[in-house]
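The model is opened first, and the entries follow.

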Amino acid sequence: MSRPSLKLLAALAPVAAGALMLAAPAMAPAQTRAQTPAQSEVLPGYWEYTTSALGQNETHQKCVRPSEINRFFGGLSTNRWRCTYPTRVVGDGRARFEGTCQDKKGRRIQVRLNGTYEDTSFSFRGGAQLLRGTPYIPASITARRISAQCPANAEYF
């Protein structure tokens, strides 16, 4: 890979790692335990979540509808990154996701996350590997449901 490409990937690392910590798989998981497509492990409502990657933290509050809860909790895809998770194990208050994400330009990164959850909170730690054989860039997401009802001016997920 050329030097400009490495610089570009290094610059994208914080954004990619933080963005990857949100939302659900873009494609159906190959392995799922204790979760059906119609039911999520966490409840919809008004959520606050904080992503952290390379020392940068971002906190957001969003209203998550019942139709969006699986995308919010279930993995790591965003509009920019399309992710697949051959390993997706969720149940008994623990979750683990491992897979690959690709952006619109064809760049791929490996992703790993694991942690604990309850119906009104979750905390996952892991990271993204930009190039095969390189260390994973640490990243995390913590989230808590603020309320069952969303305020009138809430931004939706």
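This is a predicted model: local features need pLDDT of at least 70, side-chain atom pairs count only at pLDDT 80 or more; totals for chains, interfaces and linings use all residues.

**Entry 1, K62 and E155.** I looked up the partner of K62 and found a salt bridge with E155, the closest N and O atoms lying 2.6 Å apart. I apply the term to a side-chain nitrogen of Lys or Arg within 4 Å of a carboxyl oxygen of Asp or Glu. K62 belongs to strand β2 (residues 56-64) and E155 to the segment after β7 (137-147), so this pair ties together parts that are 93 residues apart in sequence. Strands here are DSSP runs of E with at least two residues, and helices are runs of H or I with at least four, both numbered from the N terminus.

I then checked accessibility for both residues. K62 is buried at 14% relative accessibility, while E155 is partly exposed at 48%. My classes are buried for under 20% relative accessible area, exposed for over 50% and partly exposed in between, computed with a 1.4 Å probe on protein chains only.

Residues are numbered from 1 along each chain as its sequence is written, and side-chain values use heavy atoms, with hydrogens and water left out.

How many salt bridges does the structure hold? I count 5. Side chains of opposite charge can pair when their charged atoms come close. Among the 5 is D103 with R107, for which the closest N and O atoms are 2.7 Å apart. D103 is buried, with a relative accessible area of 6%, and R107 is also buried, at 18%.

I also looked up R96, which forms a salt bridge with E98 at 3.2 Å between the closest N and O atoms. Here R96 is partly exposed at 35% relative accessibility, and E98 is partly exposed at 29%.

Which cysteines are joined? I find that a disulfide joins C63 to C150, with an S to S distance of 1.9 Å; the criterion is a pair of cysteine sulfur atoms within 2.5 Å. The count by this rule is 1 disulfide. The link of C63 and C150 is right-handed, with 85 degrees about the S-S bond. C63 lies in strand β2 and C150 in the segment after β7, so the pair ties together parts that are 87 residues apart in sequence. I record C63 as buried at 5% relative accessibility and C150 as partly exposed at 24%.
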